[in-house]
Structures are given as C-alpha cells and as structure tokens.
Amino acid sequence: MPLFKIDILEHYSKEKTSELLKIIHYNAVAAFDIPEGDRYQIVTRHQSEDMILEDTGLGFVRTEDKVAIQIFSRKREKAMKLLFYKQLVSDLHEKMGLNKKDILISFFENEDEDWSFADGEAQFITGELS
C-alpha cells in the first residue's frame, strides 16, 4: 500500500509500461518509506480520444505520452507528497524521456479501516499490518 492506478494511452509498449511502473515504485519506496515488496499497481490503457487531460489554464499542451497517476493511500505528510511528485516527474523525464508536462498525479487519502488486503479483514485494524 499505497495503491497506484496508472492511465496511459494504448501505444505504450510492454517494455515502456514496465519501466514506468518500476520508476513509480522506486519513488514510492523512497518517498513514503514503504517496504520494497509493498507494490500495488493497476494499469489501464486508453485510446487517445478516451483520455483527456487538459492544462487547467496553465498554458501548456500534453503529448501522446501523457500519463495520469492516481494514488490511494493512508495519510502521508505534505512534504512526502511534494517530494514524491517532484522526484517522480524528474526520474520519468530523465530515464524515459517523458515530457514533465505530460504527467498528472493525484493523491487520495483514506483511513486504516478503508483497506482490506484479503479474507474480508481490515489488516490495519486487526494489527496484521502496521
């Protein structure tokens, strides 16, 4: 945990998708101090016309490499989130050549009782996870 939902366009190759997921996970481990084996990522591919990410009036245009990353997580410190955003975008740009303006990240916080990893149990509440 956290759970990452990643939306990309259908032209992303398996290799490019794999690299994207590795970079996201590496940065999550570093920023949120989560265990290496704590990896939850779901990728959804879209046709170009089904993924509209406008600039919200900021004056830029996104390319066909745009990606939307939604993070569902327990509460995290503001500084952790800001560091994650900055470092992830930097790494995706440096390692994959993605345009920094193509990366949209949104964070959704929830509570311990909002997670059940298996067996219909809330493992943060039962104490199986901390």
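Trainee: Which residue forms a salt bridge with Lys 75, and how far apart are the closest N and O atoms?

Mentor: Side chains of opposite charge can pair when their charged atoms come close. In this predicted model, Lys 75 pairs with Glu 109, with the closest N and O atoms 3.3 Å apart. Lys 75 sits in the loop between S3 and helix H2 (78–96) while Glu 109 belongs to strand S4, so the bridge ties together parts that are 34 residues apart in sequence. Lys 75 is exposed, at a relative accessible area of 64%, whereas Glu 109 is partly exposed at 35%.

Trainee: What other salt bridge does the side chain of Glu 109 make?

Mentor: The side chain of Glu 109 also meets that of Lys 81, at 2.9 Å from N to O; this pair links strand S4 to helix H2, 28 residues apart. Lys 81 is buried, with a relative accessible area of 16%, and the shared partners join Lys 75, Lys 81 and Glu 109 into one network.

Trainee: How many salt bridges are there by this rule, and what about Asp 7, which is buried?

Mentor: The count comes to four, including the one between Asp 112 and Arg 74 at 2.7 Å, N to O. Asp 7, in strand S1 (residues 3–9), has no salt bridge, and Lys 5, the nearest side chain of opposite charge, is 6.8 Å away.

Definitions and conventions: Residues are numbered from 1 along each chain as its sequence is written. This is a predicted model: local features need pLDDT of at least 70, side-chain atom pairs count only at pLDDT 80 or more; totals for chains, interfaces and linings use all residues. Side-chain values use heavy atoms; hydrogens and water are left out. Helices (H or I, at least four residues) and strands (E, at least two) are DSSP runs, numbered from the N terminus. Buried means under 20% relative accessible area, exposed over 50%, partly exposed in between (1.4 Å probe, protein chains only). Lys and Arg count as positive and Asp and Glu as negative; His and the chain ends are not counted.
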